[in-house]
Every structure is written in C-alpha cells, then in structure tokens.
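Trainee: I would like a close look at a single part of this model. Please keep the answer connected.

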Amino acid sequence: MLRSHTCGELRAEHADERVTLCGWVQNRRDHGGLLFIDLRDRYGVTQCVLDPDAGEAAEIADRVRLEWVVRVSGSVRLRPENKQNPDRETGAVEIVVDGFEVLSRADPLPVAVTGAERSSEELGLRYRYLEFRRPEVRRALEVRAQVNRIVRDYMHELEFVEVETPILMKSTPEGARDYLVPSRVHPGEFYALPQSPQLLKQILMIGGLDRYWQIARCFRDEDLRADRQPEFTQLDLEMSFVEEEDVQAVMEGLLRRLTSEVAGVELPTPFARMSYADAVETYGTDKPDLRFGLPVRDVTDALSASAFVVFKGAIDAGGRVRCIALAPEYSMSRKQLDALPAVVADRGARGVAWVKVRADGWAGPVAKHLTEAERAALTEATACVDGGTLLFLAGPRSVVEPASGDLRLHLGKAFGLRDPARFEAVWVTEFPMYEVVEETGALVAKHHPFTAPVAEDIPLLETDPASARARAYDLVLNGEEIAGGSIRIHDRAVQGTIFRQLGIDEAEAQERFGFFVEALRYGVPPHGGIASGLDRVAASLAGFEQIRDVIAFPKTTSAADLMSGAPSRVDQAQLDDLHVSLTECAPDDDGASE
RNA sequence: GGGGGUGUAGCUCAACUGGUUAGAGUACCAGACUGUCGAUCUGGAAGUUGCGGGUUCGAGUCCCGUCACCCUCGCCA
C-alpha cells in the first residue's frame, strides 16, 4: 500500500503516530513560511502543514497545484484547542509533513469540483469522472451500490435463482423501438437488445426454476426524459404457482428494507391498494402521489343543469366537470390563479375556472353563474368550507382526467406538499387489458400481451374487450411508477385469444414469438412476476429528481454519451463486415467524431 | 416531429431602452505574508459573446437559420 491511512480516518487518538496519506490536493493556503494543504480522497479531507524547516518537502509542496495527486508522510499532531475545525471530521488533527511526493500533476480543471458552484450539466457529463470527486455525486453511486447489495441479499434469502439472460436477443417488436445489432455471420439479419427479459423469464418458469431474479439492463430506443434513459436497469423477478398477493408481498418486503436501510424510513406493510379506475377518478393519473390529499371530485352531476357556457358546453358534449377543493390555508392570489391555465394547456384543457367560497357570498368570476342549489350541491360534493377555493376543469373526459392530475400535482408542488423525506407507496391494480387506439379502434395491450385477464372478465374478452381487466399491478412510490408486473397467461388457448384480439395472427405469432408459443405446449405453471426500475428507486431513495444522478455514465436527452462521444461513425470496413450500407447520411457536422 | 428554456474568459455569472476599449468572482501566472481552513494583500495574463447569415452609422442585445444541453407533449406493450 502506498498509504497507511485514508484522508478520512485520523482522529485525536492518532496523535503522534507516523502516517502516510495519498490523495488529491483540494486546497492550498500559502502563508509564505507556513503552507497548509488539504488532502482529499473518497473518505474525507485531512489538513497537512508544511513548516519552512520541512526542507525539501516544503520546496516540492510549494510547487503543487489544485487536484495534483500527492503522497505525504509525517506525524499526526493534535491541533491547539482554538485551531481545530469542527466542520471537518478530521478537524482535530493535522499532519506535520516531512516527506512530500508528487504522484501525478493536473492541468487546471475544466469543471468546478469543490465549493458550492457546480458546473453546467453538459460539462459535468463531458467530464463525469471529475464530478465523481464531489462527495454528493459519489454518494449517489454509493446509494446505488447499497441498493444493489440489499436487493441481492434479499433475493437470495428468499431462494430466488439469479439467472443472466442474453443481451443479444431476438427482436420481438411491439411497444418500444428496438436497438438493433447487425449480424456478421448472418448477412441481413439482426439481433435486438432486450427491452426486458419478459419471455425468457416466463420460459424459466416453464423450465421449473420456480423463482428467478436478475438485475437486468434493458434497452428502449425512445425519446428521453428526466426519468427515462435509453438503457436502464430493472430488478426483474418471476415466481411460479403464485397469485398477485404473493408477488406483491415479495416486493413490499424488499421496498420496506430499502427505505429502512437507505432512507431510514419504516414503511408500513401491506401497502395501500387502489384500482386503476379509482386512481384515475380521484387523482387524474395511474401513478398518484399520496404524500398529499387534494383529491379531484367529479361535479358533473352537481352542475348538470348549469347555464354557464363553460360547464354546459362540456356537459352537453358528453364531457365532465372536475373540481379540486382547496382548504382556506391554501388560498391563492389572483396572479397564482391566472397562472393555472398554462399548467393544463399541455393536455388541451382550455382553462381553469375558480370560485372563492365565502360564507357571506361566493366570489370570483364564476360565482355569478352558480345558483344556490348548485352551490349547495358543490359544497356537498367537495366538502369545501368557508374561506376555501374551488378549481374547475371542464371538457372531454380524455382531456379533463389527465389535466386534473397535472393540476393537482402543480398545486402539491406550489404548496410544498411533496415532502421528500416521506414515502407513500400504493399498489395500483385492475388495469384494463387493452387500450383502444382512437383513430383506428384497434386494441393495444395496456401492460403486455402475456398478461392474464381477471378470471371473471374472460367472457368480456369476446363481448366488450375494452372493459376487461388485467391481473396487472403497478407499484407507485411518491407519484412515480417504480415497478410493474402481472400474473401471466399460462393457457395457450387464452394466449391465442389475446394475440388474435391484438391483431396478431397465428403466422405472425409464430414468426415473432414462435419459441415462446411452442414452450406453452409443454406444461406451464401458473406464474407471475414484476420488474422494478432500479434507477428510479435509487434516485427516489437518495432524493434525486433525475435518474441521471444515480447512473454512473448517463446519456443526454439526445441519447448521446458526451464523455466517450457515442454514438459515432465507424469505419467502412466495419460496415462491410456487417453487410451494412448507409443510405441517407448527413455530412458529418457534429465535429465530435474525428 | 412539436412547444418552452439556456448558451458571454478554463469555471460560475453580470452588461438598462441597440451606443465608448464586454466586466466581476474564482481558477491560472508572478510577488508578499508563520495558524489558515471559501486564507489575505499586490500585480498580470485570459474573450470568434455556440455557429452562419441579415437589419443598422453601430449588434452580446433586434431578425432568420443552425448546433448543443435541459424541461416537456407525442412516444415509452
């Protein structure tokens, strides 16, 4: 070892010991005769002192600059009482240096690594390794590692078998766009990177593994968001001879342990359950943030006879009027109220009507359109009280539902109700089997085509498929979907029905999922499972808004890696090997691929 | 593909309605200083205002185009 201790471990009891430390020069304070150098490594920062009589060591140290890597030897000295630094764990001591060695010089850094100033995200990604020198950035990776360790321990305790599935897979398009890898030995053919190991884990169940798990990298070639990367990591698991509650119990136990050990929060189990229909009705979304109330109420009935053009127009067209009631302590200024329409404009909502509830007469632009009977009905429906405010959204259900969810979230943020230290988990259940594509009327699987229907809804598959419910469940934590799973179809006849309804005929099913359809013939245990987005889980536990923060080398919104320069052009010889020719290709103008 | 935001010294930022030589902190270079811990003090160097056009006597500022990054709608079974 080049060192005897780390930069974070020396305390008063080490006084007078001889030590050798290695690290980066975080700061230097040159007093002419006396020179202080703060030495940093992963574990902390230790102050080193060079007296003029340190001789050659002092001469070398004098030339050292920020972020050089050095090795110092000396003795630990207890600092005088009034010279100790209580803000630093090693602040009681300092190293009196008598040996100083430069291990590596450093150019001035292109990003800020110490202090409150943080360089732009763009530079941070370009020089990601320099960001790791910041403790808060390193902490994110440490949380990530801790999550992985807890997951691994837990799954092994429950006797799940860890199985690695291939990265080079068959393309089974449906849902997200695949990342493709051309085959050299099979001209014109391609592998796909897995969007998830879905079919493989079901096949493991058919193979009798009984309980499988894996930390699986997944790839989806779709546009990015703050909570979406083109490659991301899932905890993937599957169990045989189980029902919903069995899978959910495994996940609850895990999340409970994670929040306890990582965030110090004890989650009560079992978690709350809420049907998809209730979630959308009450929170305007299938991933409700239950850290705060502000439920959305449907007041269409209360206003069914309204003459007010905004309400009447929506209701006559078959739409709904939805209302959020604000308690008196959440009163909003006119300016804040005027800002609300912009919040819901994305969803196509025309505006947000509002009225102030006052015992001595309701106020606001909408008040005059409300009859006494309507006020009574609204009071009944929303439980509003004197001093409160009612916010209304009116329009088609497809607009008003998501808009009400956005509005509720906006209010939660605006009133500071989203406590980052709180964790509220809820299972959303009874998802519909299908979504109906508006333009064509075609059915698309809401979850995926291997999800089992609720038994009593099987007859509905033929008569009213759009209202058939799936045995699917999502785990929602603080308004974020952190896991989703289902009980799978284990009956090939049912699987055939689902394929047919999705417009996948036998030949196509054979072409795309042939290996899986064949496997369904040879004895399939009833099974189900779940996959959890570990990037989101880690970000959530560590209090980060973006999953980029808990990914060591994340990609930008345009799926580029600013550090390595990927993606980039490749040699013609490589393309030739792969039997790939480029058709349309803009001139190389990004300058990044020289 | 659409909408919004950002882009000025290595870094973080400033520059009113278009107007003199684009400033400050920090880092860097040189010097001073024996108890600092965001050390302090003196001096210096440092700019294609993302890029390309245009309007104007004059553009960091206005217009058009374009690139990068961030947020977002669509998309993400």
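Which strands and which helix each supply at least two residues of the surface near RNA strand B?

Mentor: The model is predicted, and what follows should be read as such. Strand S1 (18-30), helix H2 (121-126) and strand S18 (443-445) each supply at least two residues of the surface near RNA strand B. By class, that surface has 22 charged, 18 polar and 16 nonpolar residues. There are 56 residues around RNA strand B, and those that come nearest are Asn27, Lys83, Ala445, His447 and Thr557. On the RNA side, 54% of the atoms that come within 4 Å of the protein belong to sugar and phosphate.

Lys83, one of the nearest residues, places a backbone N or O atom 2.7 Å from a base nitrogen of RNA strand B.

The axes of helix H5 (residues 198-206) and helix H15 (residues 506-519) come within 10 Å and cross at roughly 20°. An angle under 35 degrees counts as roughly parallel, so H5 and H15 are roughly parallel to each other. Their crossing is left-handed. H5 contributes Leu199, Gln202, Ile203 and Ile206 to the contact, and H15 contributes Phe513, Phe515, Phe516 and Ala519. By class, this contact has 7 nonpolar residues, 1 polar residue and no charged residues.

Key
Residues numbered from 1 in each chain as written. Chains lettered and ligands numbered in written order. Predicted model: local features only at pLDDT ≥ 70, side-chain atom pairs only at ≥ 80, totals over all residues. Heavy atoms only, no water. Axes fitted to C-alpha atoms, helices over the stretch in contact; angles between N-to-C directions. Helix = DSSP H or I, 4+ residues; strand = E, 2+ residues; numbered from the N terminus. Parallel < 35°, antiparallel > 145°, perpendicular 65-115°, else oblique. Left-handed = near helix turned anticlockwise from the far one by under 90°. Contact = heavy atoms within 4.5 Å. Nonpolar A, V, L, I, M, F, W, Y, C, P; charged D, E, K, R; others polar. Near = heavy atom within 4 Å. Polar contact = N/O pair within 3.5 Å; in protein donor to acceptor, adjacent residues only side chain to side chain.
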